[in-house]
Each structure stands twice: as C-alpha cells, then as structure tokens.
Amino acid sequence: MDRAQRIADSAKKDAVVIANGGMPFLDPVFWYVTEQRSGSFEGSFAVISKDGSLDVVTNELEGAAAKSGKGNVHIFRDRKERMTILAELLKGCRRIGVSGRAITRNTSEYIKKITDAKLFDVSDKMADVVSVKDGQEITEIRKACSISSKAAKKIPEFLREGITEKEVAWLIDSSMRNDNGSGNAFETISAFGENSAEPHWRPSERTLKKGDTALFDFGSKYGMYCSDLTRTVFFGEPDDILKRAYDVVLKAQEAGIKEMLCGAPAKNADIAARKIIDKSEFKGRFIHSFGHGVGMNAHEGPSISRVSKDILKEGMVVTAEPGIYIPGIGGIRIEDTVLITKDGAEPLTIFDKDLTVI
C-alpha cells in the first residue's frame, strides 16, 4: 500500500499536514511520504488527504527535487502564495492531523491562520506506520548495516597503544564513507577504559593503553536510512570482572533476541535480557533499554523497554543492545540491528561477538 495512504488510513482525519520549519525542525516523515532523496525543504509542507492523495507545497529552490519524488507539486514564490495554496488544499477540512513530535508552535499557529479546522496530534499513529518498513526501506537498511559491519571488522587493525578515542572514531567514520556510506547515522562513540562505563561518551583525547576496554558504537547511513552497531573489545588482557561482564552481556543479548518474535510484546526482549543480568553479580548495571527502532532516524519506534506497550511486527527494524556499566572500571555493550520477520529476528549487522583481546 502507498505510504501516504497508510498514514491517511491510520490518522482517520480530513487531512494530515506534515510541516518542515527551519533547520533543525525538519520532519523525517516528509521524506518518508515524498520518497525524496535530497533537499532540505525548509518551510515546505506535505498534505495527505483522507483518500490518500499527496500534495507537496515547496519553494522554487526545491522545485526540481520535489518533482522527482511522490505527490502533486505546488511551487510558491513567497509566503502569501504559500498560504493561498495551503488554504485551497485544506478547504472544507474540519479535523487535521499533525505531528506533535515534530511541529513547532509557530508552524502550528500558522496552520491555524489558514483554516479554522481543529488540529489533532497523530504522531503516534504515524510512528506506528513508519515503524514497519517496506521492501525498499529494508534494502537500504541492509546496505547501511553491511557498511557498518565492514567497518567493525577493521577495528582490530585500527587499535595501537597511544591512539586517541577521537582518532579511532575518525578511522571508523572514514571507513564507512569510503565504503559508500552517505553519512553517519549519529556521532560515533569511541570510549577507552573507564570512559566506556558512560553509555553516551563523546570521543576525547584519551589514549589507548594495555588492559583497556575499547567500546565503539556507530552507524552508517545509506541513502536516507541508518544502521546501529556496538562492539566491545579489549586491548591487552582485561580485568577478570570485565571478562565476566562480557559473558553476561552476550548471554543477555542472545536471550533478548530469542524473544523478538512477530506478534510478541516488545518488552519481552528487555525483560529476558534484564533477567540474565540481574541474576548475575552485575544486578542493576543494565541502565538503559534493550533497544529501539531504526529507520531514517537512528532512534525511532518501537521502544524495546520493559515498560513498552509496543507489539513487534514483521518488517520492523530494531536494535538489541544490552550493556553492563561499572563506574571507574569500564563498560560492556554488544549491539546489533535486527529485522523482525515472520520467523523471528534476522541480524543485519554481522561481526564476530566472541570475546576479543587484541
């Protein structure tokens, strides 16, 4: 089914308006429904009617790009003309859906000036639609995952005594770009030693030394779609406590992935992994959720947490990323991007997960 039609059917409103303000207030759903491959489309709108028809309202700067995508394209030359076009498209609407997660207050007030229709937040419904990937999306995510997997295989050759976290992050990023990645899915995490105990560590000038944990969390983009992968290795023989933590995290990931079944509650994966960790000496050291959805954004629905109300569906792409973090000593995280199929979870990121000492 057409993407715009799926959103229209889910929202059940007279129209759905997807608005892009100025950067950084851009809504990925705009690219999802228009299937654009480029452009910033600041100040542009996508209007989905209840019958699933799509209209794109944009300026002359983005006109050529807009015509390469989906939808009926309307070009405006100034703000007055944009308002006139939108007023005509929304004529007769009484209930309009908007994305409360992405729309700014200014843009919301702007829409209210155009129409006296009531606005409804349909962001949850749109997120449900976007979370189930179609064939083209899965193809691009597979490619992004392949690119990040190849970069992961090069990590052992990147590591040497005295290299900094920043330098290894740059080498990983360069590898992904050289392998046809279209950009980073997010800022690469490169963390040595005690820094690896901070899940969202930003790379520093900290240098690598013998006995260090080395944790790397990174992802490539291919086209508009992301991958997400974490591996933890050891530079020289680590403390025994870190070896034990690694074994527990690997078993927790395996237990969680087994619960990633089509039709199953998403929380089951988190609960299964957390049970493994909390039965060990590392109880309470798993301080984030088991995973999240991956698509145009590195983090999107569904939520794979112990309180999630989401249900896993065929076509969802999610992460499996348990971790143990010991302040002052180090952290272990193992993460893969997986595809939910009718038969279970298919790993899309491929790299050896056996304990690795370099």
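My entries follow, in the order in which I looked things up.

**Entry 1: what I am looking at.** I am working with a predicted model, and I kept that in mind throughout.

**Entry 2: salt bridges.** How many salt bridges does the count come to? I got 22 salt bridges. I then picked out a few pairs to look at one by one.

I started with Asp134 and Arg3, which form a salt bridge with their closest N and O atoms 2.9 Å apart. I placed Asp134 in the loop between α6 (123-131) and α7 (135-153), and Arg3 in helix α1 (residues 3-11), so this pair ties together parts that are 131 residues apart in sequence. Are the two partners buried or exposed? I found Asp134 partly exposed, because its relative accessible area is 25%. Arg3 has a relative accessible area of 7%, so I noted Arg3 as buried.

Next I turned to Asp336 and Lys353, another salt bridge, where the closest N and O atoms are 3.2 Å apart. This pair links distant parts of the chain: Asp336 belongs to strand β18 (residues 336-341), Lys353 to the segment after β19 (344-347), and they are 17 residues apart. I checked burial here too. Asp336 is buried at a relative accessible area of 2%, whereas Lys353, at 24%, is partly exposed.

**Entry 3: a network.** I looked at Arg206 and Asp212, whose side chains meet in a salt bridge at 2.4 Å, N to O. Both Arg206 and Asp212 are buried. Which residues are linked with them in a network of salt bridges? I wrote down Glu194 and Lys209, which join Arg206 and Asp212 in that network.

**Entry 4: the largest pocket.** I found 25 residues lining the largest pocket, and the closest to its centre are Arg101, Ser123, Ala127, Glu300 and Gly301. The elements that give two or more residues to this lining are α2 (28-34), α6 and β14 (300-304). Which element gives the largest share of the lining? That is α6, with 7 residues. By class, I sorted the lining of the largest pocket into 12 nonpolar, 6 polar and 7 charged residues.

**Entry 5: the second largest pocket.** I noted about 290 Å³ of space in the second largest pocket. Its lining has 17 residues, and I listed those closest to its centre as His200, Asp217, His292, His299 and Glu321. By class, the lining of the second largest pocket has 5 nonpolar, 6 polar and 6 charged residues.

**Entry 6: a sheet.** I finished with an open sheet of 6 strands, and I wrote its order as β4-β3-β2-β1-β5-β6, with mixed pairing. Which strands are at the edges? I marked β4 (72-76) and β6 (118-121), as each pairs on one side only. From one strand to the next, the twist averages 25 degrees.

I took a closer look at one pairing within the sheet. Strands β1 (residues 15-19) and β5 (residues 95-98) run parallel and are joined by 3 bridges. For Val16, I found the bridge partner in β5 to be Gly97.

How values were computed
Residues are numbered from 1 along each chain as its sequence is written. This is a predicted model: local features need pLDDT of at least 70, side-chain atom pairs count only at pLDDT 80 or more; totals for chains, interfaces and linings use all residues. Side-chain values use heavy atoms; hydrogens and water are left out. A salt bridge is a side-chain nitrogen of Lys or Arg within 4 Å of a carboxyl oxygen of Asp or Glu. Helices (H or I, at least four residues) and strands (E, at least two) are DSSP runs, numbered from the N terminus. Buried means under 20% relative accessible area, exposed over 50%, partly exposed in between (1.4 Å probe, protein chains only). On a 1 Å grid over the protein atoms alone, a cavity is a set of points where a 1.4 Å probe fits but cannot get out, and a pocket is an open set with protein on both sides within 12 Å along at least five of seven lines; lining residues have an atom within 4 Å of a point. Ala, Val, Leu, Ile, Met, Phe, Trp, Tyr, Cys and Pro count as nonpolar, Asp, Glu, Lys and Arg as charged, and the others, Gly among them, as polar. Grid points are joined across faces, edges and corners, and a volume is the space filled by probe spheres set on the points. Two strands pair if DSSP finds at least two bridges between them. Axes are lines fitted to C-alpha atoms, for helices over the stretch in contact, and angles run from 0 to 180 degrees between N-to-C directions.
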